[in-house]
Amino acid sequence: MNDTTPAARAAIVYESMFGSTRRVAEAIAEGLRPFASVTVMKVKDAPEVFPDSDLLLIGAPTHVHSLSRPSTRVEAATWGDDPERRLTVEPDAEGIGVREWLETCGDIPARFAAFDTRADMTELFSGSAAAAIDKRLRRLGSHRLLAKHSFLVDKDSVLEAGQLADAREWGRTIGAALRTAAAV
């Protein structure tokens with residue numbers, strides 16, 4: 001390994017209905033890459049164990065105040081049929097979600113960070129998929145590297161302006177925190 005190759009390894013697992021959470025995951029990876037080797041994957045492609053990762057980041061859209069369920073994914077997919085919304089449903093969006101995947105996980109990295117996409121309103125009213133992810137990962141024995149982070153979407157599930165820049169910056173913040181944690 002040379003001086004420009006990051007020593008840390010991170011995996012980003014995401015669930016996305018209309019592409020917003022996927023784009024956030026990709027932007028986080030951009031910000032994190034100077035600090036770590038990063039793999040980004042859809043939840044349907046995620047393994048149940050991560051033996052080679054130092055950090056696991058998980059993101060999902062907020063459905064009915066928490067993580068999606070099969071029924072909420074089917075309902076959300078019907079939005080794609082509404083021509084006024086101009087939404088395209090992501091491939092395999094109605095398949096397995098983060099909620100179900102977390103129930104099957106075995107060994108996960110010692111550190112994690114959680115993120116979500118949610119409506120642009122106070123979390124009290126919108127809820128947060130990231131809060132549910134955080135709780136489940138701590139229950140599995142992982143330790144939070146940074147507090148959860150929400151990226152905001154409008155009423156049509158389109159990312160608000162500046163959210164991808166915020167995601168890249170959060171990726172850099174995660175990288176710096178990971179570097180500090182590794183040095184301790």
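Which residues do ring pairs link into a cluster?

First, some ground rules. This is a predicted model, where local features need pLDDT of at least 70 and side-chain atom pairs count only at pLDDT 80 or more, while totals for chains, interfaces and linings use all residues. Residues are numbered from 1 along each chain as its sequence is written, and side-chain values use heavy atoms, with hydrogens and water left out.

So how confident is the predictor? The score is pLDDT, the predictor's confidence in each residue, from 0 to 100. The chain averages 91, and 97% of the residues score at least 70. Confidence is highest in α1, at 98, and lowest in helix α2, residues 70-79, at a mean of 84. When I say helix or strand, I mean DSSP runs numbered from the N terminus: helices are H or I with at least four residues, strands are E with at least two.

Now, back to the rings. The cluster is made of Phe115, Phe151 and Trp170. A pair of aromatic rings is described by the distance of the centres and the angle of the planes. Here, rings of Phe, Tyr and Trp (its six-membered ring) pair if their centres lie within 6.5 Å; planes under 30 degrees apart are stacked, over 60 edge-to-face, and the rest tilted. The structure holds 5 such pairs. One of them joins phenylalanine 115 and phenylalanine 151, edge-to-face, at 6.3 Å centre to centre with 80° between the planes. Phenylalanine 115 sits in strand β4 and phenylalanine 151 in strand β6, 36 residues apart, and the pair links these distant parts of the chain.

Phenylalanine 151 also meets tryptophan 170: their ring centres are 6.1 Å apart and the planes are at 70°, so this pair is edge-to-face. Because phenylalanine 151 is in strand β6 and tryptophan 170 in helix α6, the pair ties together parts that are 19 residues apart in sequence.

Phenylalanine 151 and tryptophan 170 are both buried, and phenylalanine 115 counts as buried at 0% relative accessibility.

Phe115 turns up again in the largest nonpolar core, which has 27 residues; Ile28, Leu57, Phe115 and Ile174 touch the most other members. A nonpolar core, by the way, is a set of buried Ala, Val, Leu, Ile, Met, Phe, Trp, Tyr and Cys residues joined through side-chain atoms within 4.5 Å. Elements giving two or more residues to this core include β1 (8-14), α1 (20-32) and α6 (163-183). Apart from it lies another core, of 22 residues, among them Val13, Leu56, Ile58 and Ala129.

Let's move to the outside. Leucine 124, in helix α4 (residues 123-126), counts as exposed at 69% relative accessibility. Arginine 179, in helix α6, is exposed too, at 52%. Its C-alpha atom is separated by 8.8 Å from that of alanine 36, 143 residues apart along the chain.

Histidine 65, in the loop between β3 and α2, has a phi near 75° and is partly exposed, with a relative accessible area of 45%. Aspartate 92, in the loop between α2 and α3 (98-102), has a phi of about 65° and is partly exposed at 46%.

Methods:
Buried means under 20% relative accessible area, exposed over 50%, partly exposed in between (1.4 Å probe, protein chains only).
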